[in-house]
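Here is a short tour of one protein structure. Look at the model first, then read on.

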Amino acid sequence: MTVTLRAGTIEDAKECGRICYDAFRSIAEQHNFPPDFPSLEVATEVLTMLLSHPSFHSVVAELDGRIVGSNFLDERSTIAGIGPVSVDPAVMNRTIGRQLMQAVMDRAVRRGFPGMRLIQIAWHFRSLALYTKLAFETRETLSLMQGKPLALKIPGYEVRPAREADLPACNQVCFRVHGHDRGGELRDAIRQGTANVVERLGRITGYSTGIGFFSHAIGETTDDLKALIAVAQAFIGPGFFVPSRNGELFGWCLSHDLRVVNQATLMTIGLYNEPAGAYLPAILY
């Protein structure tokens, strides 16, 4: 039986969504954790968005003419994001996941991306081993936080909705922290109405595309991130990722009754700069 890889189309959304949901659920249940996608409908909605977005490249795997997996490459910003990769549980452990990973990695190289990133759920040891074999390096241990919105205000920090005119200032903050910007992702969030900026002394010092599983945030200082988290009306999805080594932010979240519900690993290949500020990563993009 030969696996065939092809570009995904919007017509694949229903079947790819089912496979994604079944794959993440089956692996999570093996480890007694809740799945990343709480329902088939949510998984299908996410994959529908990815398959229809012009700046996401999709790869679909077929076996004997039927879809058995998919993977995605986020091409909106300087560093390409990978995932979610999923394989039908009925045909797992046949190198299909590896082929899907190699396909998007090859695409990123051809397109000239200087680096790639992904987030790997910590208890899934097989994916950790696979990504390491593919030359990804472990960069950060992440704690997934969840709880009730804090409804707080950090004195001296003003948070407001982000506007298109804020993009240059936000990109500058991201460049100072990471050495590159994530402007494509931020632009999408501004248009969706989920992005906020934080200002200190009349100057933008951080931003978020949302506070949640699929969103990232950047701040010159940890207090900038506290201000963004403090006003979030909800923590979207299973929660938001905090770099565990940022003890100040991690401890602050715990002291405000947020709880750790999972752990994950940030992995990269190619260009990576040690952060020169505070940040919250996103699971997918």
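Just after α3, which residue takes a positive phi? Gly112 does, with a phi of about 80 degrees.

## Ground rules

This is a predicted model, where local features need pLDDT of at least 70, side-chain atom pairs count only at pLDDT 80 or more, and totals for chains, interfaces and linings use all residues. Residues are numbered from 1 along each chain as its sequence is written, and side-chain values use heavy atoms, with hydrogens and water left out.

## Helix α3

Helix α3 covers residues 96–110. Helices (H or I, at least four residues) and strands (E, at least two) are DSSP runs, numbered from the N terminus. The expected span of a helix is 1.5 Å times one less than its number of residues. The 15 residues of α3 should therefore span 21 Å, and the end C-alpha atoms are 21 Å apart, which agrees.

Several α3 residues are buried, including Ile96, Leu100, Ala103, Val104 and Arg107. Buried means under 20% relative accessible area, exposed over 50%, and partly exposed in between (1.4 Å probe, protein chains only). An α-helix has 3.6 residues a turn, so residues three or four places apart point the same way.

## Glu140 in strand β7

Strand β7 runs over residues 137–146 and contains Glu140. Glu140 counts as buried because its relative accessibility is 4%.

The side chain of Glu140 makes a polar contact with the side chain of Arg245, at 2.4 Å. A polar contact is a pair of N or O atoms within 3.5 Å; within protein, one must be able to donate a hydrogen and the other to accept it, and residues adjacent in sequence count only if both atoms are side-chain atoms. Leaving out residues up to four places away in sequence, Glu140 touches Pro243, Arg245, Ala264, Thr265, Leu266 and Tyr279. Touching, or contact, means heavy atoms within 4.5 Å.

## The largest cavity

On a 1 Å grid over the protein atoms alone, a cavity is a set of points where a 1.4 Å probe fits but cannot get out; lining residues have an atom within 4 Å of a point. The structure holds two cavities of 30 Å³ or more. The largest has about 250 Å³ of space, a volume being the space filled by probe spheres set on the points.

Its lining has 21 residues, and Arg117, His178, His180, Leu266 and Thr268 lie nearest the centre. Strand β6 (115–121) supplies the largest share, four residues.

How values were computed:
On a 1 Å grid over the protein atoms alone, a cavity is a set of points where a 1.4 Å probe fits but cannot get out, and a pocket is an open set with protein on both sides within 12 Å along at least five of seven lines; lining residues have an atom within 4 Å of a point.
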